[in-house]
Amino acid sequence: MRLRLIYPKFRKFLEGHEALRQVVKDHLVGDYTMPPSLALPIIAALTPPEIEVNLTDDNVGQRIDYDEEIDLVVISCFTPQAQRAYEIADEFALRGTPTILGGIHPTGMPAEAAQHADAVCVGEVEPVWHEILDDLRRGTLKRFYHATEPLPMAQMPVPRRDIFSRDLYKWDAHLVITTRGCPVRCEGCPIPNKEGTLIRLRPVECIIEDIKSMPYREFYFTDDTVMIPGKKSMKFILGIMERTAELDVSIFLPSTMMMARDPSFYDKLRKGGATSMYTVFGYDSVSRHLFSHDCTRAQWQECIDLVRMIEDAGIHFFASYGVGFDDQDPSIFDKILKFSDEAGIDLAEFFIHTPFPGTPFGDIASRQNRILHRNYHLWNTGNVVFRPKNFTPEKLLEGFFYLWKGFYKDKAPKQTLRSFEINESQGGSDQAA
Ligand code: SF4
């Protein structure tokens, strides 16, 4: 049997905003390219060796051969990729080639996805992948696959990252999965819907084995749940960092402002190789409160102190600020700039709240008839795709531009995030974020 895995193209969130792109281009934010999601390399790793698996990354201009003789097309997508994923699946359907769609978007919109594919995988693919292959062999693919039990994390294989042709990219780093599931249920996040509301920790030994299997020095942990405060998760991340301290690595950690306020904790992370703390503002309760009218001067200062604590440990604080939430109003833009200035934050990106399917906010915006359109290629957090509560769509977009320009107007260009640029000489310049 032969499988064709496809990673559909999507727009970087500054694409279409050319003037803004020029303003921030020397700062290497908003326009960089992350490594592709690990969903397809995990599927490749779970597939028995007698089945041939090949990948087409639509983002680097690899041509899709719709006439290829294959037994199954496997497409994984999140929302900004959905429209392109559907176009690709429809083309294969015209030729009678079986297709399956999975990932965050099909999990949030299974009925919609099913209009474009023979089968849809809802939720995690790992527990049902062998069932899908067995059904494919028998010619009895089901319309939907939905795992009844979550994946035990010890069973997560080391992803087969070799399916990406390295000469098409300038990767010097890759993503590493540390957890699945999240109990926090932030209103804009699709993770609890896709992975469940119980946090599952990948065994430290498996994480280290995964890191050691890669020819890189830099790693991005994919899950901000590793930084959730609390005994269990802090013990977990410190357990990982004790092991990475023995390796010559640099680790980019994702987080929220809920993280612990303990200087010794950040010193230990730094010793383990943590060099960047990518912190999303807007989803979690602490950062929501920070920019609310109820935030006291003491609470504001505590958040500044947290940023300084992380920076003082030698970990670079990278802020990712969301705007357009229902509890924000146009005063948010200056508050964000003021906070960044007072906290000494020198690297930031900004995104527009988006009602992603499979999130509580997606349900609210849909129920309240606030979705402006479903041109999913524009659902990339760089466009207003819903009717905000306390802004007009135009004012929200203006505020988004104002933030990018305001934040970077006095900043010297930085050489950061270089690791993830696609090799433009071979892949073109309009690649995925
Ligand atoms: S944003 Fe992070 S903390 Fe919030 S629900 Fe998603 S994974 Fe959990």
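A crossing of two helices is left-handed if the near helix is turned anticlockwise from the far one by less than a right angle, and right-handed if clockwise. The structure is a predicted model, in which local features need pLDDT of at least 70 and side-chain atom pairs count only at pLDDT 80 or more, while totals for chains, interfaces and linings use all residues. Residue numbers start from 1 along each chain as its sequence is written.

**View A. Helices α13 and α15 cross in the right-handed sense.** Helix α13 covers residues 332-343; helices (H or I, at least four residues) and strands (E, at least two) are DSSP runs, numbered from the N terminus. The angle between α13 and α15 is about 20 degrees, and their axes lie 10 Å apart (axes are lines fitted to C-alpha atoms, for helices over the stretch in contact, with angles from 0 to 180 degrees between N-to-C directions). The two helices are therefore roughly parallel to each other (roughly parallel is under 35 degrees, roughly antiparallel over 145, roughly perpendicular 65 to 115, and the rest oblique). Helix α13 contributes F333, I336, L337 and S340 to the contact, and α15 contributes G399, Y402, L403, G406 and F407 (contact requires C-beta atoms, placed from the backbone, within 7 Å). The residues of this contact of α13 with α15 comprise 6 nonpolar, 3 polar and no charged (Ala, Val, Leu, Ile, Met, Phe, Trp, Tyr, Cys and Pro are nonpolar; Asp, Glu, Lys and Arg are charged; the others, Gly among them, are polar).

**View B. An open sheet of 6 strands runs from β7 to β14 in parallel pairing.** The order of its strands is β7-β10-β11-β12-β13-β14 (two strands pair if DSSP finds at least two bridges between them). At the edges lie β7 (173-176) and β14 (348-352), each of which pairs on one side only. From one strand to the next, the twist averages 20 degrees. Strand β13 (residues 316-323) runs parallel to β14 and is joined to β14 by 5 bridges. Within this pair, S320 has E349 of β14 as its bridge partner. Helix α15 (residues 393-408) packs on the sheet and touches β13 and β14, its direction making about 175 degrees with that of β14.

**View C. Helix α9 packs against helix α10 with axes 8 Å apart.** Helix α9 spans residues 231-244 and α10 spans residues 263-271, and the angle between them is about 30 degrees. That angle makes α9 roughly parallel to α10. The crossing of α9 and α10 is left-handed. Residues M234, L238 and M241 of α9 make the contact with F265, K268, L269 and K271 of α10. Sorted by class, the contact of α9 with α10 holds 5 nonpolar, no polar and 2 charged residues.

**View D. Helix α9 also packs with α8, at an angle of about 40 degrees.** Helix α8 consists of residues 204-212, and the axes of α8 and α9 are 10 Å apart. The angle makes α8 oblique to α9. Helices α8 and α9 form a right-handed crossing. On α8, residues V204, I207, I208 and I211 meet G239, I240, R243 and T244 of α9. This contact of α8 with α9 has 5 nonpolar, 2 polar and 1 charged residues.

**View E. Strands β1 to β6 form an open sheet with parallel pairing.** These 6 strands follow the order β2-β1-β3-β4-β5-β6. Strands β2 (52-57) and β6 (144-146) are the edge strands, pairing on one side only. The twist averages 20 degrees from one strand to the next. Parallel pairing of β1 (residues 2-7) with β2 extends over 6 bridges, and R4 has N54 in β2 as its bridge partner. Helix α2 (residues 39-46) packs on this sheet, touching β1, β2 and β3 (72-76), and its direction makes about 165 degrees with that of β1. Helix α3 (residues 82-94) likewise packs on the sheet, where β1, β3 and β4 (99-102) are touched; the direction of α3 makes about 165 degrees with that of β4.

**View F. The ligand is surrounded by residues that include C182 and D284.** Also around the ligand are V184, R185, C186, C189, I191, P192, D224, T225, T256 and Y283 (a residue is near a molecule or strand if its C-beta atom, placed from the backbone, lies within 6 Å of it). The shell around the ligand divides into 7 nonpolar, 2 polar and 3 charged residues.

Technical notes: Two residues are in contact if their C-beta atoms, placed from the backbone, lie within 7 Å.
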